[in-house]
Amino acid sequence: MNNAKRFNALRTVLSVLIALAISFVIIFMVSEQPVEAIKYLLVGPLTSKRNMGNVIESMIPLIFTGTGVCIMFSANQINLSGEGAFHVGGLIASCVAINMSARVVSPIAALFCAGIVGAVFTAIPAVMKITTTADEMVSSLMINYLALYFGNYMLNNVIGDPKASAASYKLTEASKLPVLFDGTRVHFGIIIAIAVAILGYIFLYRTKIGYELRLTGENEEFAKYSGISIVKVILISQLLGGFVAGLGGGVEMLSPIYARFTWTSLLGYGWDAIIICTLSKKNPLYTPFAALFLAYLRTGASIMARRTDVTLEIVQITQGIIILLVVAEQFLSRYKHKLIAKEAKAALKEEEAA
Amino acid sequence: MWKAILSPDFFGTILRSATPILFATLAASIAAKSGITNMALEGIMLFSALFGVIFSSFTHSAGLGLLLTVIVGGLIGAILAFFVLNLKTDEILAAIAINLTATGGTVLLLLAYSGDRGVSSSVRSVSAPNITIPLIEKIPFIGQILSGQNVLTWLSLLAVLVMHLFLYKTPLGLSIRSVGENKDAAESVGINSRKVQYIALIISGALAAMGGFYLSGGYMNMFTKDMSGGRGFIALAASSMGGNTPVGGFFVSLLFGLAQALANVMQLTAVMPYEIILMVPYLTTLIGLGVYYYSQKKKKERLSGK
């Protein structure tokens, strides 16, 4: 078991390194200043306090959606509506934050509403699956677009500020989350995010319902015959995952990054969450680390894009390759086999000696 | 408004907007028939939309451009097959990886090829031509709908027929369907399931590539960033709603075309906010999916005597 765990970690690290190596090769091919570009990509985020702040600040939404997707995927529900839940979460939070200006109460109310709306949102594909057996993956893909256009409708017709173009009325100061470190935009959301990741871990790995959920994810038939209510598990996992994703949207909206609701397209955090979930092996406890990695890579890439001729989009290729290699079960499988054989032999020897 | 809806132009718009979805739906259904959900359609279409522009500008020929694009599409299908079948990667995650790579890769490739950022404004690509067929043109109304449609629209209609014959009247089609129904049973009668699924995914990639080519060389005449716009995902839904059959998928694709055409007309007449109208195709699918699966479930329950 120990060796298998070590192997998984090793494979993840190796996948990341290979993906980075491929990206470097691409940079060398497309850029006229490749060494500069790679330097900015790798160490750029460390060069100033503001850049480091950028890394932390972009970790926050990733931790939320990553944890949400970990919870949803642990029940083996390929529900991809985290993307839409994040969007409606941000939308509702801004609706509340525009109209309320009570200190402390206002952000809490906004975040609570964001979570609830997110939960209801991701539950729709789940309820459809339970009542009609419609594939949750397909319906969740469709519902994301409903979230987008509903958001656009609200922005243009309900909360839109006629004096601003494609932006809502200003969010009240009292409802914004406080900044933690001067000179950066790192805000209180990081504390909520890490708390959510830890709570998510406790829920999935330290409670009875969490165990039932993971068991259902591993083997639904077996779970059914052990007396677990599949309907209950699916509903709870999707409601909770959506709550976290919606909360993430709310936190992002109340962060110092935004003064008004301006999302006119889906931001892609739902897809990023799948990378986070893959890297953290569906364990919410590891999501902050996976998010740190991704945020670092992206901040580095945006510094690189500003200073050199390489575009930001190279990161998406790196991410794609990382996912492919991390989830390719047969990748390095021979080595894994050797490791397991070695461990078994060692165990046998010990037995003989005893 | 009614006058606008009953005009041949309106029906022409339905066909035009349905074409890319129809190609992708056929691509989704052949993959689904072999037992694999091909969610990478979105990425394959996006890649093909870009390669269509690059290849057609490079060869100065729409036909050659299409051919090369279709080969690339098949190749991406094969890469997906390699990861899913050989390396045992989860098919959804592998597809997400391909889609991500497509989002970034297309922008990067375009920049490297022409120096354009996001829109291929400086590339002189060659679009697939619109064609009129002399005899059909003479038929009242229907002739007006069909005449002047893009050659790829014709090709997509033809593809429905070919796919239907291929899946239901050829030995290879039978193999694909049997692997999708029950892999082990198919293996036991000597079918090489891996080979069959490879073939299905390559065909799926090639079909999606035609849809992608149409986007940048028919529907529009340039590549823009993220221009597949979720059509690959819609296709998964359309295929699923059409029971993963080519003919069923064809009708659902038309439904999407209809919703799009309606959205266009209503946008002009401003009966409803256009954001609400843009929701119509997705809402239709969502409801359609629910109704379809519910009726299937009831049918199964009836058959099993519950």
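This is a predicted model: local features need pLDDT of at least 70, side-chain atom pairs count only at pLDDT 80 or more; totals for chains, interfaces and linings use all residues.
## Two domains

Chain A is split into two domains. Domain 1 is built from two stretches, 1-31 and 313-354. Domain 2 covers 53-309. The centres of the two domains, taken over C-alpha atoms, lie 29 Å apart.

Both domains give residues to the contact. Domain 1 of chain A brings 16 residues, and domain 2 of chain A brings eleven.

## The buried area

The size of an interface is often stated as the accessible area lost when the parts come together. Here, domain 1 and domain 2 of chain A bury about 1,100 Å² between them. Carbon and sulfur atoms account for 77% of that area.

Three residues stand out on the domain 1 side. A:Val315, A:Gln319 and A:Ile323 supply 40% of the area that domain 1 of chain A buries against domain 2.

## Polar links

How many salt bridges are counted between domain 1 and domain 2 of chain A? The count is zero. Polar contacts do occur: two residue pairs make them across this interface, both at pLDDT 80 or more.

## The domain 1 face

Two helices of chain A, α1 (2-30) and α13 (314-327), each supply at least two residues of the domain 1 side that touches domain 2. Helix α13(A) gives the most to this side, with eight residues.

By class, the side of domain 1 of chain A that touches domain 2 has ten nonpolar residues.

Technical notes:
Residues are numbered from 1 along each chain as its sequence is written. Chains are lettered from A and ligands numbered from 1 in the order in which they are written. Side-chain values use heavy atoms; hydrogens and water are left out. Domain bounds come from an automatic or database domain assignment. Contact means heavy atoms within 4.5 Å. Buried area is the accessible area (1.4 Å probe) that two parts lose on being put together, summed over both. A salt bridge is a side-chain nitrogen of Lys or Arg within 4 Å of a carboxyl oxygen of Asp or Glu. A polar contact is a pair of N or O atoms within 3.5 Å; within protein, one must be able to donate a hydrogen and the other to accept it, and residues adjacent in sequence count only if both atoms are side-chain atoms. Helices (H or I, at least four residues) and strands (E, at least two) are DSSP runs, numbered from the N terminus. Ala, Val, Leu, Ile, Met, Phe, Trp, Tyr, Cys and Pro count as nonpolar, Asp, Glu, Lys and Arg as charged, and the others, Gly among them, as polar.
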